[in-house]
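Student: I am new to this structure and would like a close look at one part of it. Please take a single chain and go through how it is built and what it touches.

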Amino acid sequence: MAHQAHPYHMVDPSPWPLTGAVAALLMTSGLAIWFHFHSTILMLLGTVLLVLTICQWWRDVVREGTFQGHHTPPAQKGLRYGMILFITSEVLFFAGFFWAFYHSSLAPTPELGGFWPPAGITPLDPFEVPLLNTAVLLASGVTVTWAHHSIMEGDRKQAIHSLTLTILLGGYFTFLQALEYYEAPFTIADGVYGATFFVATGFHGLHVIIGSTFLAVCLHRQIRHHFTSTHHFGFEAAAWYWHFVDVVWLFLYISIYWWGS
Amino acid sequence: MYYKFSGFTQKLTGSAPMAAYCPQGLRPGVPAESPTMIFGTPTKVVSEASPTVEYMGANRVQEFQRIFQASDSVPVHLKRGVPDRLLYRTTMALTVGGALYCMVALYMAAQPRNK
């Protein structure tokens, strides 16, 4: 490697921004073609290209950080700010859905019957599966902290076990949510109740799946000895993201499932 | 000569080997003292021979660090050789082919429908 007299990461030229942009073009055009002509070819092509791009892009980030040593302390600081800003934008994304929910439920219109839940809606019992889901996510918050402390103490075996447990709990949550969706007595087409319920909990479910994938990548990297006791920002970012998903669920549970029923 | 990043001056400064930045941590160099000789150690069976077997696979990070830090001016996305090139070319072919197909599909979608 060439000698450099500064701690910043000068990245190599990369094709991934280009392939990612074309993937976005193919997916948006593909959706339009799908809606108008019932052909999913372009949409599928865009999805495959997007998956290929993200896998190779993040593979390169791992190479740069773990194998090439580019993630010096000042570079890690930049990654931290980036992750904090990303999660902040996600908080605002969910704030919009909560706004829609409270806007509709705090002053229900006459069309809804003037009360909440609206006339004709039988909401889910918050003390059945949703309460179990809350316990599952809180438990996964404990196991992810256990994993973090294991990594910091260099306890490889416990880190692998606790991380595996976290991912399994994430999978169990997703399974229970799928079951709830299947058994729900209302649909997304059932007025503003169905719309706010399924959009808010659906985007949360998507985030749980993304967070579980992020943690699964961390487990793979932990098994391959990528994390040391002092340098494991990839894992910390995944843990931050997981806690964010956890907190969003608590707000969803209290607002939509409990108060909203 | 080892370097570390100084938080005070915000520049690289010289440092002792142990304080230098290394993402995988530094292994201590050659030990100063030779280990004491042990005579008459009984022969160990294979299962006992390597007590340092790692849980779920050995650490190959240093091997990969050698591969990816080689000074060959190859960009990071192609540094691993043939598998990298195959994946890159597949992705690039899909990008170019997909973009062309997309243009054709959008052009056809823009034409008025024959009644």
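**Chain A and its helices**

Tutor: In this predicted model, the centres of domain 1 and domain 2 of chain A, taken over C-alpha atoms, are separated by 25 Å. Domain 1 runs over residues 1–70 and domain 2 over residues 72–258. Where the two domains meet, 8 residues of domain 1 of chain A are in contact with 6 residues of domain 2 of chain A.

Chain A as a whole has 7 helices and 0 strands, so its pattern along the sequence reads α-α-α-α-α-α-α. The C-alpha trace of chain A spans about 70 × 50 × 30 Å along its principal axes.

An unreviewed UniProt entry gives residues 4–261 of chain A the annotation "domain: Heme-copper oxidase subunit III family profile". That span of chain A is 76% helix and 0% strand, with 61 Å between its end C-alpha atoms. UniProt (unreviewed entry) also places the feature "transmembrane region" at several spans of chain A, including residues 16–35, 129–147 and 240–260. Of these, residues 16–35 of chain A are 100% helix and 0% strand, and their end C-alpha atoms lie 28 Å apart. Residues 129–147 of chain A are likewise 100% helix and 0% strand, with end C-alpha atoms 27 Å apart.

Now to the packing within the chain. Two packed helices are described by the angle between their axes and the distance between the axes. For helix α5 (residues 156–183) and helix α7 (residues 233–259) of chain A, the angle is about 30° and the axes are 13 Å apart. With angles under 35 degrees counting as roughly parallel, α5(A) and α7(A) are therefore roughly parallel to each other. The crossing of α5(A) past α7(A) is left-handed. On the α5(A) side the contact is made by A:L163, A:T166, A:G170, A:F173 and A:Q177, and on the α7(A) side by A:F235, A:W242, A:W249 and A:Y257. Sorted by class, this contact has 6 nonpolar, 3 polar and no charged residues.

Chain A also packs against chain B. The axes of helix α1 (residues 16–37) of chain A and helix α3 (residues 82–110) of chain B come within 9 Å and cross at roughly 35°. Here too the crossing is left-handed, as α1(A) passes α3(B). Among the residues that meet are A:W16, A:L25 and A:F37 in α1(A), and B:Y88, B:G98 and B:A109 in α3(B). By class, the contact of α1(A) with α3(B) has 15 nonpolar, 5 polar and no charged residues. On the chain B side, UniProt (unreviewed entry) places a "transmembrane region" at residues 86–110. Those residues of chain B are 100% helix and 0% strand, and their end C-alpha atoms are 36 Å apart.

Two details of the backbone remain. Most residues other than glycine have a negative phi, and most peptide bonds are trans. A:H38 is not a glycine, yet its phi is positive, at about 60°. A:H38 is found in the loop between α1 and α2 (41–67) of chain A. The other detail is a cis peptide bond joining A:W116 and A:P117, with omega at about -5°. A:P117 sits in the loop between α3 (73–106) and α4 (129–152) of chain A.

Notes: Residues numbered from 1 in each chain as written. Chains lettered and ligands numbered in written order. Predicted model: local features only at pLDDT ≥ 70, side-chain atom pairs only at ≥ 80, totals over all residues. Heavy atoms only, no water. UniProt positions renumbered as here; feature names shortened; annotations may be inferred. Helix = DSSP H or I, 4+ residues; strand = E, 2+ residues; numbered from the N terminus. Axes fitted to C-alpha atoms, helices over the stretch in contact; angles between N-to-C directions. Parallel < 35°, antiparallel > 145°, perpendicular 65-115°, else oblique. Left-handed = near helix turned anticlockwise from the far one by under 90°. Contact = heavy atoms within 4.5 Å. Nonpolar A, V, L, I, M, F, W, Y, C, P; charged D, E, K, R; others polar. Domains from an automatic or database assignment.
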